[in-house]
Amino acid sequence: MGKKLQNNTKGYRSAAIAFVVFVIAAVIFRIGRTTSRYDETFNLWVSACTLLGQRHLVDNPYIFQTGDLWNLPFLAIFYNLTGGFSGVVLFVRYCYLGINLLLAFLTGRLFRRCGKSVPVPFLAMLIPSFAFASIYSMSYDTAYLYFSLLASVLLSAAVWGSFARKRNRATLAFFAGVSYAITAYAYPTMLLLVLAVFLAGGIWLLHARGRAYTLRILAWVTAGGAVVFAVFLAYIACVGVENTILSKGLGATLAAEGRPMAGALGESGAGLLG
């Protein structure tokens, strides 16, 4: 019986490893093909405006920059290494694959104790295989999807105590709050989703774990979100709210900026494609 169980475990691991390799190879194959000359390059251009000197929410007129902010560090690394943007689309795609694999690994680690009843490696690898609107890149759309999923993974691990050590639950809940706040900042209407999760999760926890446990977890989630909100308020205080695009209203901002194609880069627009 023990030998049979050992063989089954070995076979399961081999299948999981093969599936992981297959998914990574398939995504890499996809990454090197087709480019969206509208949304994909547009979102990189929005961050490029900030990178090249336009202050966030002040000189940069694009409202989409709140979500596109997450590709800015990768854009900055590429620009500082190469001195330009030629090939940056491909670079950002690989970076996106990398952080998706990190999230898949984190999910697998946090929920590995479910392995006896749930095929965790196979489910976790669905994360890097998903391409929003068939565009495998970082944008305000994939920002809210990524951080809402990250937040949900962290919060689930925190509230289901068997997945995390007791001393780690507060940390998981705190960073779940940070991730939910980033979700709302990346795509402001997602604040409704965050509030719904907060309310539904609170009601479920109250019935399942009691008042004290519920208040403790929700307090850490709120603290994480408050940190992000405090950073945002500090930045607005520094630049002056009257100088930001927020003071103009969303309608005026969208009318002023339009939504140019990647051609907004002029002749260098194609340079993003490499």
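Predicted model: local features only at pLDDT ≥ 70, side-chain atom pairs only at ≥ 80, totals over all residues.
## Salt bridges

Two salt bridges turn up when the whole structure is searched. One of them joins the side chains of Glu 40 and Arg 93, with an N to O distance of 2.8 Å. Glu 40 lies in helix H2 (residues 39-51) and Arg 93 in helix H5 (residues 88-110), so this pair, 53 residues apart, links distant parts of the chain. Glu 40 has a relative accessibility of 3% and counts as buried. Arg 93 is buried too, with a relative accessible area of 4%. The cut-off for buried is under 20%.

Arg 55 and Asp 59 also meet through their side chains in a salt bridge, here at 2.9 Å from N to O. Arg 55 is partly exposed, its relative accessible area being 43%. Asp 59 is partly exposed as well, at 37%.

## Packing of H2 and H4

Helix H2 also packs with helix H4 (residues 72-82): the two axes come within 10 Å and cross at roughly 65 degrees. Angles of 65 to 115 degrees count as roughly perpendicular, and H2 and H4 are therefore described that way relative to each other. The crossing of H2 past H4 is right-handed.

## Residues in the contact

On the H2 side, the contact is made by Leu 44, Ser 47, Ala 48, Thr 50 and Leu 51. These residues meet Leu 72, Leu 75, Ala 76 and Tyr 79 of H4. Sorted by class, the contact between H2 and H4 holds seven nonpolar residues, two polar residues and no charged ones.

Methods
Residues numbered from 1 in each chain as written. Heavy atoms only, no water. Salt bridge = Lys/Arg side-chain N within 4 Å of Asp/Glu carboxyl O. Helix = DSSP H or I, 4+ residues; strand = E, 2+ residues; numbered from the N terminus. Buried < 20%, exposed > 50% of the residue type's maximum accessible area, 1.4 Å probe, protein only. Axes fitted to C-alpha atoms, helices over the stretch in contact; angles between N-to-C directions. Parallel < 35°, antiparallel > 145°, perpendicular 65-115°, else oblique. Left-handed = near helix turned anticlockwise from the far one by under 90°. Contact = heavy atoms within 4.5 Å. Nonpolar A, V, L, I, M, F, W, Y, C, P; charged D, E, K, R; others polar.
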